[in-house]
Amino acid sequence: MKKRKINIAVTGLNNIDSPGPGIPVIRALRDSKKFDVRIIGLSYETLEPGLYMHDLVDKSYQVPFPSAGTEALLERLRYIHSVEKIDVIIPNFDAELQNFIKLEETLKKEMGISMFLPTHDQFEERHKANLMEFGKQHGIQVPFGKMIFSTAEIPSLTKDFTYPVVVKGKYYDASVAYNPEQVATYFNKLSAKWGLPIIIQQYVFGSEVNVTAIGDGKGNAIGAVPMRKQYITDKGKAWAGISLDDEKLVSIANKLLASSKWRGGMELEFIKSAAGEYFLLEINPRFPAWVYLAVGCGQNHPEALVLMALGEKVKPFKEYEKGKLFVRYSYDLIVDLKEFETISTLGEL
Amino acid sequence: MWHLFTKSFFNMKIRKNIAVSDSGFIFNPSTGDSFSTNPIGLEIIQMLKEEKSKEEMRKTILQKYQVDEATFEKDFYDFVSMLHQTQIISQDEEKKN
């Protein structure tokens, strides 16, 4: 079958110790049997490794930080589109998603660029701060959580929690605290980095299991692959993981995709207690950095997302291979100064 | 742990989806855990898979290896307790022998 030529712009090229999903998404697209892809990398910083991975990324452009707002982003995308004729954009960062969601209609109407993103309401309701409510709404157990805005609230946490508790940043990062002093330390660290509020969540003992999933926005689960982290970095990131044979977990994920009518890729993070109960810890509104494991297991979620972005109907995946591992590695790219100079001064490479 | 030494202990069964290779590598796809066992452990696991009774397993091991009954009993209980802890055998899939 002849592959269809398509230009896809992808963000999240920071393939570092806390990796962005961009490179795994690109690898998935390069594996596609349906598309012959030209990849346009969109980067925020000049040292994102994906910029220099020329076997994966055909051309790269810097884009303004999310804090610059939608107008600056739109202006930059107009220029990039004028050169590259982008068909689809896949944003991969939580922090940039709101801007892209706001621009989805404009990009489609003005430039014919397609995306397949959660709606603004879906994005908001799964927020860490709203997760308990989300769990209630969709019949999924979520550990008790509470937002705090000041260290003065820490002593009274014992009314609602028993130690240890998990202290979470607004967007990223989480640490387990065993006493109020540790909560205060993490509060200061996380609020300085991500702002307020800080989320306190009851710690649940068990093993961490995650699901990478994709929904069609109409209540159909297109795919879901569960994974257990086997090697965890000090940032809590999976450096190795294995796909699980866990029907209960897949059915919870499918139920959530159906009841929330989730549109696009997502990652669900659960704790499985010793009693076999699942507690939803977090929902990330985009593919995880380990999404390439799903491809290895027979479900190419990024390819399915592109098809749906182009308005095509996608049949749900029925199977995936269990007991398949991913093992991450780091690799030193040797880069000519000229390349670094080009991206730093011209904003494209 | 005490319940393992009661009658229900002998009714336990290897979980259906457990993968056991000829080299003694055991993979539990429900938990993602993997283990290695020595040839005798592998033999016991194969017998558990074949739903042999404890008595049959005892006879086989005592005939085949130079081991006294007391040592077999102790090591067998230890091994099966470990299989239980690692969720390789399950109470849910018990079978009356």
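Me: Is Asp33(B) buried, exposed or partly exposed?
Reply: This is a predicted model, and in it Asp33(B) is partly exposed, with a relative accessible area of 24%. Buried would need a value under 20%, and exposed one over 50%.

Me: Which residue does Asp33(B) form a salt bridge with?
Reply: With Arg228(A). The closest N and O atoms of the two are 2.6 Å apart.

Me: And Arg228(A), buried or exposed?
Reply: Arg228(A) counts as buried, at 16% relative accessibility.

Me: How many salt bridges are there over all chains?
Reply: A search of the whole structure gives 27.

Me: How many are counted between chain B and chain A?
Reply: One salt bridge. The side of chain B that touches chain A has two nonpolar residues, four polar and one charged.

Me: What about polar contacts across that interface, how many residue pairs?
Reply: Five residue pairs, both residues being at pLDDT 80 or more.

Me: How many residues are in contact there, and how much area do the chains bury?
Reply: Seven residues of chain B are in contact with nine of chain A. The two chains bury about 570 Å² between them, and 41% of that is on carbon and sulfur atoms.

Me: New topic. What pattern does chain B follow along the sequence?
Reply: It reads β-β-β-β-α-α-α-β. That is three helices and five strands.

Me: How much of chain B is buried?
Reply: Buried residues make up 39% of its 97 residues. As for contacts in chain B with a separation of 6 or more, 53% come from residues 24 or more positions apart.

Me: Which residue does Lys64(B) form a salt bridge with?
Reply: Glu43(B), with the closest N and O atoms 2.7 Å apart. Lys64(B) is in helix α2 (residues 54-64) and Glu43(B) in helix α1 (residues 39-49), both of chain B, so the pair ties together parts that are 21 residues apart in sequence.

Me: Are those two buried or exposed?
Reply: Lys64(B) is exposed, with a relative accessible area of 53%, whereas Glu43(B) counts as buried at 16%.

Me: Where is Asp22(B)?
Reply: Asp22(B) is in the loop between β2 (19-20) and β3 (25-28) of chain B. It counts as exposed, at 75% relative accessibility. Its C-alpha atom is separated by 8.0 Å from that of Leu42(B), 20 residues apart along the chain.

Me: Over to chain A. Where is Asn284(A), and is it buried or exposed?
Reply: Asn284(A) is in strand β13 of chain A, residues 278-284. Asn284(A) is buried, with a relative accessible area of 4%.

Me: Which side chains does the Asn284(A) side chain make polar contacts with?
Reply: One is the side chain of Glu267(A), at 2.8 Å. Another is the side chain of Glu269(A), at 3.0 Å. Leaving out residues up to four places away in sequence, Asn284(A) touches Asp94(A), Arg126(A), Met266(A), Glu267(A) and Glu269(A).

Me: Last one. What does the domain assignment give for chain A?
Reply: It gives domain 1, made of 4-116 + 332-346, and domain 2, which is 144-202. The C-alpha centres of domain 1 and domain 2 of chain A lie 34 Å apart.

Terms used: Residues are numbered from 1 along each chain as its sequence is written. Chains are lettered from A and ligands numbered from 1 in the order in which they are written. This is a predicted model: local features need pLDDT of at least 70, side-chain atom pairs count only at pLDDT 80 or more; totals for chains, interfaces and linings use all residues. Side-chain values use heavy atoms; hydrogens and water are left out. Domain bounds come from an automatic or database domain assignment. Contact means heavy atoms within 4.5 Å. Buried area is the accessible area (1.4 Å probe) that two parts lose on being put together, summed over both. A salt bridge is a side-chain nitrogen of Lys or Arg within 4 Å of a carboxyl oxygen of Asp or Glu. A polar contact is a pair of N or O atoms within 3.5 Å; within protein, one must be able to donate a hydrogen and the other to accept it, and residues adjacent in sequence count only if both atoms are side-chain atoms. Ala, Val, Leu, Ile, Met, Phe, Trp, Tyr, Cys and Pro count as nonpolar, Asp, Glu, Lys and Arg as charged, and the others, Gly among them, as polar. Helices (H or I, at least four residues) and strands (E, at least two) are DSSP runs, numbered from the N terminus. Buried means under 20% relative accessible area, exposed over 50%, partly exposed in between (1.4 Å probe, protein chains only).
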